[in-house]
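Here are my notes after a pass through the model you sent over.

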Amino acid sequence: PRTYDTNNFDQTYLLWSWRNFWQYAENYPQKLTILFNQLAKYLDTDPKLKIGIIIGSYRPEVLADPKRDGKEWLMSLSCMKEMISYSNRIITFANLHWFEVLGLLRETKLIISPSESLGCPAYEAAAFGIPTILDRASNPFQDPNGNKFFEGIITAPKDICPEFLEKLDILFTNYSVYNAHGNAYREYVKTNATYEAYVKQLDYVI
């Protein structure tokens, strides 16, 4: 509903915010292994950093209660084998209220999840000036023809691929790049996707 004049570059969480983690865990465990190996290097650089995973829905016969058992399930996955020593810095989240998501984003430095074509996570992160790496072919900040709504959108193929990981690394290490793109994301959301912007559009129409 609003944007926040925050600078999240030095915040705590590296957050998987799209509720598609279980799909990656089931279908792309090797790609998740590559991602977590890169994230482990980030954790080594800053003792306050944590990895946050919003698990989302999963098959109930495998994970009946993700809020209660999510961490145990996560750490049992093959992709987490090399992350056991970081277990106390990996937090799982499930069944979050929207305001809880916003509270988590307030403490988030980076979105580490490849995006889906639609949905709010990119807008939610943008409200805090967090630049999300978006699917080049289809994302919430471009039209069906691929025309971007504003300059400064960061894109990569919809995957945990070398280009995605390279851009994630740039955002993690380069404050100037992070800040410039984050401000562009936030300004777009402020102008087009807040209650204030909605009221202004109503006034214009009326």
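Predicted model: local features only at pLDDT ≥ 70, side-chain atom pairs only at ≥ 80, totals over all residues.

1. Four strands make up an open sheet in the order β3-β2-β1-β4, with parallel pairing. At the edges stand β3 (90-93) and β4, each with a single partner strand, so one side of each has no neighbour in the sheet. From one strand to the next, the twist averages 25 degrees.

2. β2 and β3 pair in the parallel sense over four bridges. Isoleucine 53 sits opposite threonine 92 in β3, and isoleucine 54 has phenylalanine 93 of β3 as its bridge partner. Between β1 and β2 the pairing is parallel too, over four bridges, with tyrosine 13 opposite lysine 50 in β2. As for cover, four of the five residues of β2 are buried, so the strand is mostly covered.

3. Leucine 43 is worth a click. This residue belongs to helix α2. Is leucine 43 buried or exposed? Its relative accessible area is 1%, and since buried means under 20%, leucine 43 counts as buried. Setting aside neighbours within four places in sequence, leucine 43 is in contact with Leu49, Lys50, Ile51, Met83, Tyr86 and Arg89. For a sense of scale, leucine 43 and alanine 125 are 82 residues apart in sequence and 21 Å apart in space, C-alpha to C-alpha.

4. Next, helix α6. Its twelve residues should span 16 Å at 1.5 Å a residue, and the end C-alpha atoms are 17 Å apart, which agrees. Which residues of α6 are buried? They are Phe164, Leu165, Leu168, Leu171 and Phe172. Viewed down the axis of α6, these buried residues fall within an arc of 120 degrees, so they line one face of the helix.

5. On to charges. Side chains of opposite charge can pair when their charged atoms come close. How many salt bridges does the model have? The count comes to eight, with a side-chain nitrogen of Lys or Arg within 4 Å of a carboxyl oxygen of Asp or Glu as the rule. One of them joins arginine 59 and glutamate 26, at 2.5 Å from N to O. That pair links distant parts of the chain: arginine 59 is in the loop between β2 (50-54) and α3 (66-76), glutamate 26 is in helix α1 (residues 21-27), and they are 33 residues apart. Both count as partly exposed, arginine 59 at 33% relative accessibility and glutamate 26 at 35%.

6. Arginine 59 has another partner. It forms a salt bridge with glutamate 61, where the closest N and O atoms are 2.9 Å apart. Through shared partners, salt bridges join Glu26, Arg59 and Glu61 into one network. Glutamate 61 counts as exposed, at 59% relative accessibility.

7. Last, a salt bridge between aspartate 159 and lysine 31, with the closest N and O atoms 2.8 Å apart. This pair also links distant parts of the chain: aspartate 159 is in the loop between β6 (154-156) and α6 (162-173), lysine 31 is in helix α2 (residues 29-45), and 128 residues separate them. Aspartate 159 has a relative accessible area of 19%, and because the buried class is under 20%, aspartate 159 counts as buried. Lysine 31, at 26% relative accessibility, counts as partly exposed.

Definitions and conventions: Residues numbered from 1 in each chain as written. Heavy atoms only, no water. Helix = DSSP H or I, 4+ residues; strand = E, 2+ residues; numbered from the N terminus. Buried < 20%, exposed > 50% of the residue type's maximum accessible area, 1.4 Å probe, protein only. Expected span 1.5 Å × (residues − 1). Arc of directions from axis to C-beta. Pairing = 2+ DSSP bridges. Axes fitted to C-alpha atoms, helices over the stretch in contact; angles between N-to-C directions. Contact = heavy atoms within 4.5 Å.
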